[in-house]
Amino acid sequence: MNSSSVTSAPSGDADTDSPARSSRSLLRAAAVPVASVALGLVLGALLITVQGHSVLSAYGALVLGGLGDADAVLRTLQKATPLIFGGLAVAFAFKAGLFNIGGQGQLLVGAAFAAGVGFGIDGLPLVIHLPLALLVGGAAGAAWAAIAGVLKATSGAHEVIVTIMLNFVAGNLTDWLALNPWQDTSGSNIIARTPLVEDSAVIPTWGWLPAGFLLAVIAAVACWFLLERTTYGYEVRSVGANRHAARYAGISVGWIMASVMGVSGLLAGLGGAVESLGVDGRFEAGVNVGLGFEGITIALLARTHPVAVIPAGLLVGVMEAGAAKMQFESGVAPEIIDVIQALILLFVAAPMIVRWLLRLRDADDRLLTLGTGWGR
Amino acid sequence: MTVIETPPGAAARRRWSPARIWTVAGAVTVVACVWFFYAWNGAQTTAVLSGTVRAATLLVLGAMCGMLGERSGIVNIGIEGQFLMSAFAAFTVASVVGSLAAGVVAGVAAGLAMGWLLAAMSIGLRTDQIIAGTVLNIAALGLTSFFYDRGRSLGQLKYQAIELGPLADLPVVGRALFNRPPLTYLALVLVVVLHVMLLRSVWGMRTTAIGEHPGAAATVGVDVIRLRYLNVTLAGGLAGLGGAYLALEAVGTFSRAMSGGRGFLALAVMIFGRRTPLGAYAAALFFGFTTALQNQFQLNDTFDIPAQFVGMLPFVVTIIVVAAAGLFGHMRDPAALGQPYEVR
């Protein structure tokens with residue numbers, strides 16, 4: 001930890017003073033993310049033009065494909081749900097100064113184990129079966145991430161390396177589960193996937209509103225409450241602000257680091273569970289590869305504020321939901337979405353570029369300082 | 001800057017520290033095992049050794065990229081992205097121009113550009129270094145996927161092995177070490193050169209100084225910012241060579257996300273090798289061995305272990321190594337690692 005982060009010791013919300021000040025500080029906080037998104041879209045448009053496609057028809061199709069009708073909105077909300085969970089997982093860990101880059105692995109084990117409970121048990125009523133499947137998925141994600149948290153707390157092994165390695169281990173493990181003990185053997189299936197989950201474990205969808213999305217919104221608000229309104233949250237933010245000061249103040253830093261990784265993994269695991277139980281109806285190997293990385297973009301776009309993760313996730317959700325229509329109607333490869341996301345991340349992570357471009361003045365740019373070095 | 005007379009730690013290195021005894025014991029065990037297996041099954045042992053060297057080359061290039069940055073105080077978790085971007089550049093240029101050498105130049109150039117980008121973000125803009133590296137990874141995956149042309153092929157053979165005369169006929173290691181394609185030899189030369197440069201030259205000492213105590217280095221006249229920029233950019237060139245090696249020598253084509261996590265394994269290799277090139281090469285051979293063993297297992301079906309569990313091996317080993325290094329190691333990170341340097 002370097003000394004500059006001491007000044008940003010946990011304080012309540014900055015925007016509790018007066019309504020006028022609150023709206024101004026909200027504007028100030030949103031300026032860089034909004035400008036970053038705009039810049040990302042402009043550069044994306046440049047790439048589309050260079051490739052000889054029409055920007056107007058491409059972006060038009062993107063928006064229509066993401067928001068054009070009830071089906072499009074449903075698609076967007078379905079895409080946004082695991083993205084919000086992934087963003088929350090990253091944002092929550094950031095609050096303790098930890099970088100959970102393993103959202104993908106946690107999501108995979110969460111999705112696989114939720115599906116395992118979903119198709120493996122039958123005869124339970126929905127009110128028991130569905131929560132149980134969600135819980136097991138979340139717990140699997142939590143346990144997976146807690147490996148990194150416990151190793152960090154006991155041996156100082158850097159969570160970035162451990163969670164990345166766990167991503168690859170999780171990929172292999174879930175591939176094996178979906179190909180061997182849990183494979184769908186109906187018909188002549190040879191794909192690495194589980195059977196469909198029982199009806200009693202399916203997350204309902206009401207019209208254009210998937211219930212899983214509501215769960216993500218509840219999770220976001222719960223994260224905010226936990227971080228800002230509880231003693232535990234205060235301890236988490238203290239550890240994030242200055243690990244050594246927190247230890248001196250009597251906070252068990254090891255417990256906080258291990259448990260924060262657990263909560264972070266729980267969120268990512270729930271994201272995977274919602275994907276299996278609410279969208280695909282089963283677990284398929286390699287589902288949603290790359291989600292851990294999208295979670296990073298979303299968390300930083302939201303400036304690590306749990307509630308702001310919702311609009312950030314929705315934004316990326318619209319792009320992902322509309323990408324297919326964009327390719328169909330204007331011929332632009334859907335991978336342009338990944339490029340735009342990378343550009344947005346670049347601008348959000350290096351706000352000095354945006355401030356220079358927009359001539360903005362604001363000193364408090366430092367989003368966060370993560371633990372330095374690999375050792376203890 | 002005066003000439004350094006005695007490198008730090010030289011006295012300690014002469015003594016027989018426990019670490020040194022362990023290293024020698026480990027080396028003797030490895031050599032004995034290799035001999036034993038060679039006597040038992042020569043062809044298969046040669047195959048595993050070849051696979052080991054093949055995997056180690058990429059890992060050591062990535063590890064050297066990481067260590068050049070870390071010794072200067074800059075964490076680089078973007079090696080994966082640097083590999084991927086330069087593999088793409090190398091493959092595309094080699095395919096369009098029709099020359100492997102042009103591909104290598106393009107790969108190194110792409111690596112240098114990625115290195116500069118990391119430097120600009122983490123040194124110039126003082127972005128958190130872990131996030132800056134993540135930006136490289138995501139950008140590389142997005143850009144290479146977007147521009148990737150599935151129909152493109154190399155249009156010629158990948159780099160082929162060159163026999164180094166009688167050396168290639170040596171027992172045990174001959175075929176594995178001295179009958180390799182050109183970039184492997186180049187990487188081996190770079191390992192030795194960089195080792196000497198880092199531990200003996202004025203540049204190496206200055207590099208260590210700006211990673212340990214940039215303020216002190218600045219007071220004796222080292223331009224910390226400039227040297228950090230230079231080192232992180234050059235380090236990108238090493239990863240760029242790794243990317244070119246991956247596309248033009250190891251595989252012979254490009255595919256989406258083909259670096260497959262080896263840029264991250266390279267970081268573990270670097271830590272395990274104690275941030276020295278020779279140490280990293282030893283570590284890379286060890287990690288390369290787990291990969292080669294995995295491939296051999298999958299090929300000949302003698303052991304009934306599911307492919308996925310064998311596939312986990314390098315990653316599980318990395319977790320154990322990183323945790324054990326923290327628990328039992330007496331290794332220390334450069335003191336200023338991860339902290340932006342601000343001129344006051």
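**Close-up views of a two-chain predicted model**

**View 1. Helices α4(B) and α6(B) are roughly parallel to each other (angle under 35 degrees).** Their axes, lines fitted to C-alpha atoms over the stretch in contact, come within 7 Å and cross at roughly 25°. The crossing is left-handed, the near helix being turned anticlockwise from the far one by less than a right angle. Contact (C-beta atoms, placed from the backbone, within 7 Å) involves E80(B), G81(B), Q82(B), L84(B), M85(B) and F88(B) of α4(B), and residues of α6(B) including L136(B), N137(B) and L143(B). By class, these contact residues are 8 nonpolar, 4 polar and 1 charged, with Gly counted as polar and Pro as nonpolar. The model is predicted: local features need pLDDT of at least 70 and side-chain atom pairs pLDDT 80 or more, whereas totals for chains, interfaces and linings use all residues. Residues are numbered from 1 along each chain, and chains are lettered from A in the order in which they are written.

**View 2. V60(B) and V269(B) have the most contacts inside the largest nonpolar core, which has 224 residues.** Such a core joins buried nonpolar residues (Ala, Val, Leu, Ile, Met, Phe, Trp, Tyr and Cys) through C-beta atoms within 7 Å; buried denotes 20 or more other C-beta atoms within 10 Å. Beyond its neighbours within four places in sequence, V60(B) contacts A187(B), V191(B), V269(B), A280(B), Y281(B) and A284(B). Another core, of 5 residues, lies apart and includes A209(B) and L227(B).

**View 3. The contact between chains takes 42 residues from chain A and 41 residues from chain B.** On the side of chain A that touches chain B, α6(A) (159–179) provides the largest share, 11 residues. This side comprises 27 nonpolar, 11 polar and 4 charged residues.

Note on methods. Buried ≥ 20, exposed ≤ 12 C-beta atoms within 10 Å, placed from the backbone. Contact = placed C-beta atoms within 7 Å. Helix = DSSP H or I, 4+ residues; strand = E, 2+ residues; numbered from the N terminus. Axes fitted to C-alpha atoms, helices over the stretch in contact; angles between N-to-C directions. Parallel < 35°, antiparallel > 145°, perpendicular 65-115°, else oblique.
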